[in-house]
Amino acid sequence: MSTQGNRDYRPAYHYAPPAGWINDPNGLTYENGIWHLFAQHYPDAPVWGPMHWIHATSTDLLNWQDQGIALAPDEKLGAIFSGSAVIDRGNTSGLGHGVDPMILMYTSHGKNEQQSIAYSDDRMHFTPYEGNPVIANTAQKDFRDPKVIRNDKLGCWTVVIAAGDHVEFHASDDLIHWRKTGEFGAKENRLGGVFECPDLFPLTAPDGSTVWVLIASMALQAPFGGHRTQYFLGAFDGETFHETIPAQHARLLDSGYDNYAAVTFFGAEKRMLLGWGMAWAYADRTPTNEFCGVMTYARELSLVDTDDGLQLSSAPVTPEFDLREIEAQTPPSPLPRHYVPKTVGELPADLFHVRVEADQAFTLALSNEDGEVLNVSISTEQKLVVDRSKAGRSGFSPIFDSGLFAVTTAQRTARGKATVDIYFDRMIAEIFTDHGTVCNSTVVFPEKPYSKATLWGEGKLYIGGVKESAD
Ligand code: FRU
């Protein structure tokens, strides 16, 4: 059960449910100026329970309107686990009534995990297809989280499904009849665990070539690892994925623990990704009162060349901030031994952007009047270090409090001056180093808003509150 806290931790611009629990984002779709977000949801308590899909819409990816429950557990086939959505252009399924329907594809989680679909003409009411499941399964224990994409190579639909130690690809002309076309990941998985919530999409590399990205969230049981999202770079031949650009180590989407099951939107021009801003290891104990779980900011993905080879870079969609440089303090003269330069600025309560630009190692401390402090550093080894061990409440979960989850690190993949952008919204810090090449999403539960930013070290500090809108 969630520990009951007094403080309201509801973020301003990150989606959280009105009440109850959410985990993975599902059915992310863009159509005619509207972003659709569905999520794994249990409405009756802020803990995981029989899964529904909750639905919200937005025109800017920041302000979300709740649209209620889209899918509820099915007596015959079970709970509604994760999945995706497409706009069925040309009504290939025949399930639209004079319009191209929106089709949701999800896992029916009952005695077995099988894939089902639901359809909608108005994008607000969703009807499970009466012939469900469309991909039956009695053989595999883990077989879930279908992500449907339009397959332009074969002129059909392709779905990627997590299947235990690998992912599978199935193809269809009508979203109803499917045939298996391939498998990937049993050999290439560098993290262990069970595959969950895959995604597959092309991006253009800096050299102009098309590179396919396969995202896979890996269920690694705490306390050994904590769930992590890795990605592979390669080619999609229409039937299966090939890792043609291997890495020495697992490529991680985020070095923090609070970005899981991230997938991208169908139908958008830009490749927009959004994740669950929370971790399985402690989510149900977080002190957020009537709701549990938030989404990350949406992020536009691109490919960049770095010291570590080709990798993903993320640019978040945030409110507009009024970023201003804070004047550095004049050093005392003569300089005392071991003098560390310090720049201090006041933070707007609960919603802000802080940027540090520095040539050398530094620590940025975001602190409040109770002495709680979230430390973000670039170490002398050029690592991003995010230390939330004293950032606020933590005793609600021994796992949240443990070293593995309290301090997270990641090697920079760029050289020279570091730019670190921190976007904070009440309980979630999203940190983008070197313009998004190293990301870290971290939830914190300060008793009072952080009110002060202190930069220890040589560098420039900028602080921004949200810009007042013109109207
Ligand atoms: C990932 C996951 C999915 C599953 C869902 C259940 O976080 O475990 O694999 O469909 O959550 O809520």
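Predicted model: local features only at pLDDT ≥ 70, side-chain atom pairs only at ≥ 80, totals over all residues.
Biologist: Is Cys439 buried or exposed?

Modeller: The cut-off for a buried residue is a relative accessible area under 20%. Cys197, with 5%, falls on the buried side of that limit, and Cys439, with a relative accessible area of 4%, is likewise buried.

Biologist: Which element gives the most residues to the largest nonpolar core?

Modeller: The largest nonpolar core has 30 residues, and those with the most contacts inside it include Trp53, Leu71, Leu104 and Trp178. Two or more residues come from each of the strands β4 (65–71), β5 (79–87), β6 (102–109), β7 (113–120) and β10 (156–163). The element that gives the most, with five residues, is β6.

Biologist: What is the angle between the planes of Trp48 and Phe81?

Modeller: A pair of aromatic rings is described by the distance of the centres and the angle of the planes. The structure holds 25 aromatic pairs, and one of them joins Trp48, in the loop between β2 (34–42) and β3 (52–58), to Phe81 in strand β5, 33 residues apart. Trp48 is partly exposed at 41% relative accessibility, whereas Phe81 is buried at 10%. Their ring centres are 5.9 Å apart in an edge-to-face arrangement, and the angle between the planes is 70°.

Biologist: How many residues apart in sequence are the parts that the pair of Tyr282 and Phe400 ties together?

Modeller: Tyr282 and Phe400 form an edge-to-face pair, 4.9 Å centre to centre with 85° between the planes. Tyr282 is buried with a relative accessible area of 0%, and Phe400 is buried with 2%. Because Tyr282 lies in the loop between β19 (272–276) and β20 (291–292) while Phe400 lies in helix α1 (residues 398–401), the pair ties together parts whose separation in sequence is 118 residues.

Biologist: Over the face of which residue does Arg228 lie?

Modeller: One aromatic cluster is formed by Tyr9, Tyr257, Tyr282, Phe396, Phe400, Phe405 and Phe445. Elsewhere among the arginines, Arg10 lies over the face of Phe291, at 4.5 Å from the ring centre. Arg228 is placed 4.0 Å from a ring centre, over the face of Tyr257.

Biologist: What distance separates the C-alpha atoms of Phe265 and Thr288?

Modeller: Phe265 lies in the loop between β18 (260–264) and β19 and counts as buried at 1% relative accessibility. Beyond its neighbours within four places in sequence, Phe265 is in contact with residues including Leu28, Trp35, Leu61 and Met272. Thr288 is 23 residues away along the chain, and the two C-alpha atoms are separated by 27 Å.

Biologist: Which residue is joined to Pro334 by a cis peptide bond?

Modeller: Most residues other than glycine have a negative phi, and most peptide bonds are trans. A cis bond joins Asn132 and Pro133, with omega about 0°, and Pro133 lies in the loop between β8 and β9. Pro334 is found in the loop between β23 (321–326) and β24 (342–346). Here omega is about -5°, and the residue joined to Pro334 by the cis bond is Ser333.

Biologist: What is the value of phi near which Asp350 lies?

Modeller: Asn91, in the loop between β5 and β6, has a positive phi of about 50° although it is not a glycine. Asp350 lies in the loop between β24 and β25 (351–358) and is buried, with a relative accessible area of 9%. The phi of Asp350 is also positive, near 70°.

Key: Residues numbered from 1 in each chain as written. Heavy atoms only, no water. Buried < 20%, exposed > 50% of the residue type's maximum accessible area, 1.4 Å probe, protein only. Core = buried A, V, L, I, M, F, W, Y, C linked by side-chain atoms within 4.5 Å. Helix = DSSP H or I, 4+ residues; strand = E, 2+ residues; numbered from the N terminus. Phe/Tyr/Trp six-rings, centres within 6.5 Å; stacked < 30°, edge-to-face > 60°. Lys NZ or Arg CZ within 6 Å of the ring centre and 35° of its normal. Contact = heavy atoms within 4.5 Å.
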